[in-house]
Amino acid sequence: MAKKSKQAAGTPAIVALTTAGVPFTTHAYEHDPAHPSYGEEAAEAMGVSPTQVFKTLVTDVDGVLTVAVVPVSGSLDLKALAAAVGGKRAVMADPALAERTTGYVLGGISPLGQRKRLRTVVDASASGHATVCCSAGRRGLEVELSPADLTALTGATLAPIARA
């Protein structure tokens, strides 16, 4: 039986999608380290609305690492996130801890295929799109899939956690 090379297998996010048999499209672009926003850079490079491209943020809700997936066109409402998971207080997680726990680098953290599966909340606005884009596990690589598949594969709940 032939083994897939690491390059053929792709990132852990792509491996997770492929293993699950979920339809998806990848979008690769040349990442510019000088760009001020990973998410806005992705939207511009793909020519899609920033409301359709979602960023993955790792937070700490009452001592539990929690992933928030919100449109790059807005920002995360930490109070709304805490409420969505029945918590009292949410803060952004330490960046080094986020990288270590997910197995991804900042700007390339995907909600899919993380090293350790974390509680995940996807902003409710995702359900208003036929497809959404999120990081495929490295800077300059996005994956496009249905919001239903994103929430199913991550075990996420949908809640209004973003503000414009």
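Residues 24 or more positions apart make up 61% of the contacts in the chain with a separation of 6 or more, a contact being heavy atoms within 4.5 Å. The structure is a predicted model, in which local features need pLDDT of at least 70, side-chain atom pairs count only at pLDDT 80 or more, and totals for chains, interfaces and linings use all residues. Residues are numbered from 1 along each chain as its sequence is written, and side-chain values use heavy atoms, with hydrogens and water left out.

The chain has six helices and ten strands, taken as DSSP runs numbered from the N terminus (helices H or I, at least four residues; strands E, at least two). The radius of gyration is 15 Å, close to the 15 Å that the globule rule gives for 164 residues, so the chain is as compact as a globular protein of that length. This radius is taken over C-alpha atoms, and the rule is 2.2 Å times the number of residues to the power 0.38. The C-alpha trace spans about 50 × 35 × 30 Å along its principal axes.

Of the 164 residues, 44% count as buried (under 20% relative accessible area, with a 1.4 Å probe and protein chains only).

In helix α2, which covers residues 12–20, the residues Ala-13, Ile-14 and Leu-17 are buried. Seen down the axis of α2, the buried residues fall within an arc of 95°, so they line one face of the helix; the arc is that of the directions from the helix axis to the C-beta atoms. Gly-21 follows α2 and has a positive phi, near 70°.

How values were computed: Buried < 20%, exposed > 50% of the residue type's maximum accessible area, 1.4 Å probe, protein only.
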